Amino acid sequence: MITEFTPLTSALGGMMVGLAATLLMALHGRIFGATGIVAGLLRPGDRNDWLLRAALLAGMVAAPTLLLVLTGQMPQIQVPVSTPAILIGGTIVGFGVFFGGGCTSGHGICGNARFSRRSITATLTFMAGAFLSVYVMRHLIGA
Amino acid sequence: MRLLTAFLIGLLFGTGILIAGMANPAKVLNFFDIAGTWDPSLAFVMGGALLVAVPGYRLVLGRPGPLFEQGFQLPDTRRIDRPLVLGSLTFGLGWGVAGFCPGGALPALGTGRGEVVMFVAAFIAGLLLARLTRTLMQTRLRAT
């Protein structure tokens, strides 16, 4: 499936993500990591922490509705893989980010933005992993 | 107030992710498919994010603390260890299979699409499985 090259909207969206990460640190002193938010919600500890994560998640989940109101359409989500691929891939992602201590947002944006060596290592490693598995899935297995 | 700003920050993040195309598996997978239908857009997402977050973090972390909390909560580990590398490699492999990453899937949940719900459910199952694995490994270490 061919997708359109969108440098401007992608850069604009990225800048909004970078701004959100900066604001979360400036106001709440936290790293913006999707993994940390979900993992924290699954492990109720401090009530204020839990509510903060729930509010972040609620804001994220509200985003498609905001776009629907502003643009009149839902954001485009095209899924070119099978249901088993989503389920198996999703489980592998959850398993990996737990031990890796973060994902594209926590390591890829927040960690790299403060030049953490751990995050730079993690980012290079998970990017390499994704290149490898896409190559295997699409060009060797042909799924 | 604290919860309202968190909600708005989540909304800004989610809207950015959706506009950027990070919640669209077809686009994400094409970024990694250099040998096929390559779409380099995702490099612009990370570039744009870092363009703002690098100076933003520098400015913010130079201040005595955040507005609503006592101090900044930053990870104190610096070691590049086996869990970091193997876990990240595993994450990357799974990302290439499913096409969603956690930060892309959470905002996409709001579309109510079945594929996104399935991914997030599987993601949570993977997190819990990993937690169980670590607990078992630690118990075994203590036993020996």
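## A buried aromatic pair

In this predicted model, B:Phe31 and B:Phe32 are both buried. A search of the whole structure finds 13 aromatic pairs over all chains, and one of them is formed by B:Phe31 and B:Phe32, whose rings lie 5.2 Å apart from centre to centre. The angle between the two ring planes is 75°, and the pair is therefore classed as edge-to-face, a label that applies to planes over 60 degrees apart.

## The build of chain A

Chain A has six helices and zero strands, and its elements, followed from the N terminus, run α-α-α-α-α-α. Along the principal axes, the C-alpha atoms of chain A fill a box of roughly 45 × 40 × 30 Å.

Of its 143 residues, 51% count as buried, while the accessible surface of the chain comes to about 6,200 Å², with 68% of that area belonging to carbon and sulfur atoms. When contacts in chain A between residues at least 6 apart in sequence are considered, 36% of them join residues at least 24 apart.

Most residues other than glycine have a negative phi. A:Phe115, although it is not a glycine, has a positive phi of about 55°.

Where in chain A does A:Phe115 lie? A:Phe115 is found in the loop between helix H5, which covers residues 106–113, and helix H6, which covers residues 117–141. Its relative accessibility is 51%, so A:Phe115 counts as exposed.

Note on methods:
Residues numbered from 1 in each chain as written. Chains lettered and ligands numbered in written order. Predicted model: local features only at pLDDT ≥ 70, side-chain atom pairs only at ≥ 80, totals over all residues. Heavy atoms only, no water. Helix = DSSP H or I, 4+ residues; strand = E, 2+ residues; numbered from the N terminus. Buried < 20%, exposed > 50% of the residue type's maximum accessible area, 1.4 Å probe, protein only. Contact = heavy atoms within 4.5 Å. Areas by Shrake-Rupley, 256 points an atom, 1.4 Å probe, with all protein chains shown as cover. Phe/Tyr/Trp six-rings, centres within 6.5 Å; stacked < 30°, edge-to-face > 60°.
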